[in-house]
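Keep the structure open as you read.

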Amino acid sequence: MLYVVATPIGNLEDLSARAGRVLAEADIIAAEDTRRAAKLLGHLGLSKRTASFHSYSSPERLAELVEELKAGKCVALISDAGTPCISDPGAELVAAAWQAGCKVVPIPGPCAAVVALSASGVPAGRFMFAGYPPRKAGERRGFLAGLLSAPWPVVFYEAPGRAEDLLRDIAAVGGRERQVVVARELTKVFEEFVFGPAEEVAAELSQREVKGEVTVIVGPGAPVETAAKQPSASELAAWLAREGLPPGRIAAALTALYGLPRSVAYESARRARASKRR
Ligand code: SAM
């Protein structure tokens, strides 16, 4: 059995009772960082066998953990904070566990993207989670261009020192007035939400050193105009003529669709047929 256990993103009280029980009962804690895991386990009064499992773990480490699972051991996967596999390591182990025929059980809990959205006031019937944007400015703007036209909010993770640059690029790509929410230090003592147009919030952040952890929400883009351009009567006549319709049928279509008098419609159809022949 592999348990995928969400842990607090700041406030240790957010560890669920079920997560605490699973960590207590697991044979092995597979942790992104075993030292951080030791702190959490110490807080719970637990002394457990841990195994490091992170983005750079070798295939051998993955195989060892799968062997433990196949041998009937109970492994609890945790990351440094929040839900494993969400911008965090773990997906390879989860996939390998399923493939090996083991049971995988999620133990839900905090996820910064969802925590930020829940208190942002931004309607989130639909939203897009974009993780960390690229670090290079050019790549980042291209990345944003592909995301910010959607009519739903987009959530980003970002390092505190890069938050201002991200907001400036959001203003450049999505418009200076594009509404954003910066959720900082969620569930911690200095928790803060900053709301406003991207450019203003960027200016505000430029006045101070942004510390701690930051999640950025960009409000939905304007609804995209989806109505296709309607052809004019003469454009439609030309198109129908090219399709080989006789003048009588073209005229009938123009009368039905544009309300043209029969004589005017017929003349337009005749001209379209004539110019097709030229
Ligand atoms: N797996 C985690 C989760 O479920 O949220 C996310 C891990 S990702 C490596 C870390 C990023 O999540 C941070 O850089 C920040 O963008 C965001 N984050 C984590 N904790 C946060 C907090 N307390 N407040 C605001 N953002 C946070």
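Contact here means heavy atoms within 4.5 Å. With neighbours within four places in sequence left aside, Lys188 is in contact with Ile9, Gly10 and Glu213. The model is predicted: local features need pLDDT of at least 70, side-chain atom pairs count only at pLDDT 80 or more, and totals for chains, interfaces and linings use all residues. Residues are numbered from 1 along each chain as its sequence is written, and side-chain values use heavy atoms, leaving out hydrogens and water.

Where does Lys188 sit? The loop between β8 (179–184) and β9 (192–197) holds Lys188. Strands are DSSP runs of E, at least two residues; helices are runs of H or I, at least four; both are numbered from the N terminus. Lys188 and Ile9 lie 179 residues apart in sequence, yet 8.3 Å apart in space, C-alpha to C-alpha.

Now the helices. Helix α9 (residues 233–242) packs with helix α10 (residues 247–258) at an angle of about 150 degrees, their axes 10 Å apart. Axes are lines fitted to C-alpha atoms, for helices over the stretch in contact, and angles run from 0 to 180 degrees between N-to-C directions. Ala233, Leu236, Ala237, Leu240 and Ala241 in α9 meet Ile250, Ala253, Leu254, Leu257 and Tyr258 in α10.

Finally, the domains, whose bounds come from an automatic or database domain assignment. That assignment gives domain 1 (2–110), domain 2 (113–218) and domain 3 (233–277). The centres of domain 2 and domain 3, taken over C-alpha atoms, are 53 Å apart.
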